[in-house]
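Subject: Structure handover

Hello,

Here is the structure you are taking over, with notes on what was found in it. Please read the notes with the model open.

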Amino acid sequence: MTTPKPKPTPKPGPRPGTPSPVVLAQHATHPVKVPVVAEVTDEQVETAKGFGAIEGESVVVTIGDEKVNVGAATGDDPLAPYAKAFYELSASIERFHARLASAELSPKDIDDSIGALSPQLETPAVVGDVAALRTRFAEVEKEALEARERIQAERDAARAEALAAREEIVVKAEAIAAKPEAQVHWKNDTAELRALLDTWKEAQRSNARIAKDAERELWKRFTAARSGFEKARKHHFAQLDKDNAQVAGRKEDLVAQAERLAESSDWDRTARAFKDLMGEWKTAGRGRRSVDDALWKRFQTAQDAFFDARRSASDAEDEALAGNVEAKEAAVVEAEALLPLTDLDNAKRQLRAIQDRFEDAGRVPRADVARLNKRMGVVEKAVRDAEDAQWNSRNPELERRATGAAAQLEAAIGELEADLAAAKEAGDKRKVKEAEEALAARRAWLEQIQGVVS
């Protein structure tokens, strides 16, 4: 009877999900060269087979004083597949060790690798020096756990730094959103918030990941700050548009009034009206600059048109009245010749006739009105003062007052004489003329007062 040939047992190999040893050994980041099955020599296989044996239909491996069943004995050389599997396991340990020096492993990768290799050494399915391989794995495992702690500490520090960076972004955004409206610079602060959003996105891409619940809470705060600021910004500019529209409406009305007044020839009343409009313009507030500038240009154009017309009319009138100055001036000179008064009654009669001629001379240019009226007024006042002095010549109280007034006039005359000298020295004709007129008037008054005292 022929013994049935046993069914072939699958060749031992790497655990499911483990990358090919050849692929892993050729990884570009490996700092050391590690063995792969393809490089195992026949001598190495024979050496590994020395730790195994066939007992019945099973293959066993000797580990110290213990023999462990590693699988079924099949094929012409039952120990060879298990010997090669030994070197594959050894290569996996060395590849794991080599990867510890790279920056690619995470704590999870280390845990997964230890979790995958440990069972293969605890319950071996290989033939070879398993005791030595366990010792080697213990060394690698110790180094791996130290690397895991270091990597975890670095990741924790990176996460803490990333969390602090996100917190800083949120705090800055909240500070901008919490500003009093009077301190907000809308353009710059809007740009700053946009830059903070870009910084947040860059932190998501570049920095270490932070806990989802912490990121969610920070994003909620960040979004609330941005939304609050945006709401305030929209309200601010809506109110600004409303205020600008009110200001523009008020100024449009002022411009319309100014443009109507520009056609007026009621010079004095209209000039006062323009002054009032200017006051209202100043209190109307500031609106949008471009609108304000356009309205102001229209207002100024209307104002300039009116005052240019008034100036032209005034110049034409002055030119027409210039011929009256000579007659008016002659009347004033004639009146001034009455001073000092020696014969009051005669001076009064002559002054009345002179005043008639002064009035009959007609109007004069504005630049001459005050000057001529002032000079005529000096003579008229001297006559009135003489009349009062004559009327009260017997009144002792008036004499005392006259004495005091005379002293004051003498002091004033002294000051005017000094002013006249200074004006002549400076060559200021206008001041010389004013000083001479004032000096003449006060000398005339002094003569009249002296007449009362005497």
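A crossing of two helices is called left-handed if the near helix is turned anticlockwise from the far one by less than a right angle, and right-handed if clockwise. Helices (H or I, at least four residues) and strands (E, at least two) are DSSP runs, numbered from the N terminus.

The model is predicted: local features need pLDDT of at least 70, side-chain atom pairs count only at pLDDT 80 or more, and totals for chains, interfaces and linings use all residues. Residues are numbered from 1 along each chain as its sequence is written, and side-chain values use heavy atoms, with hydrogens and water left out.

Helix pairs

H10 passes H11 (residues 344–360) in a left-handed crossing. The two helices pack at an angle of about 165°, and their axes are 8 Å apart. Axes here are lines fitted to C-alpha atoms, for helices over the stretch in contact, and angles run from 0 to 180 degrees between N-to-C directions. H10 and H11 are therefore roughly antiparallel to each other; the cut-offs are under 35 degrees for roughly parallel, over 145 for roughly antiparallel, 65 to 115 for roughly perpendicular, and oblique for the rest.

Helix H3 (residues 79–99) packs with helix H4 (residues 107–122) at an angle of about 160°, with 11 Å between the axes. That makes H3 roughly antiparallel to H4. The crossing of H3 and H4 is left-handed.

Single helices

Helix H10 (residues 325–336) has twelve residues and reaches 16 Å from its first C-alpha to its last, close to the 16 Å expected at 1.5 Å a residue. The expected span is 1.5 Å times one less than the number of residues. Which residues of H10 are buried? They are Val-325, Lys-328, Ala-331, Val-332 and Ala-335, where buried means under 20% relative accessible area, exposed over 50%, and partly exposed in between (1.4 Å probe, protein chains only). These residues lie on the same side of H10, because they cover an arc of only 130° around the axis. The arc is that of the directions from the helix axis to the C-beta atoms.

Helix H8 (residues 267–283) has 17 residues and should span 24 Å at 1.5 Å a residue; its end C-alpha atoms are 25 Å apart, which agrees. Its buried residues are Thr-270, Ala-271, Phe-274, Leu-277, Met-278 and Trp-281. They cover an arc of only 115° around the axis, so they sit on the same side of H8. On the other side of H8, Asp-268, Arg-269, Arg-272, Lys-275 and Thr-283 are exposed. Gly-285 follows H8 and has a positive phi, near 95°.

Lys-374 is in helix H12 (residues 366–391). Is Lys-374 buried or exposed? It counts as exposed, because its relative accessibility is 53%. Its C-alpha atom is separated by 9.6 Å from that of Ala-438, 64 residues apart along the chain.

The sheet

Three strands form an open sheet in the order E1-E2-E3, with antiparallel pairing. Two strands pair if DSSP finds at least two bridges between them. The edge strands are E1 and E3, each pairing on one side only. Neighbouring strands of this sheet are turned by 35° against each other on average, direction ignored.

Four bridges join E1 (residues 52–55) to E2. Ile-54 stands opposite Val-59 in E2, and Glu-55 has Ser-58 in E2 as its bridge partner. The hairpin of E1 and E2 has two residues between the strands, and Gly-56 there takes a positive phi near 65°.

Six bridges join E2 (residues 58–63) to E3 (residues 66–72). Thr-62 stands opposite Lys-67 in E3, and the bridge partner of Val-59 in E3 is Gly-71. E2 and E3 also form a hairpin with two residues between them, and Gly-64 in the turn has a positive phi of about 70°.

Regards
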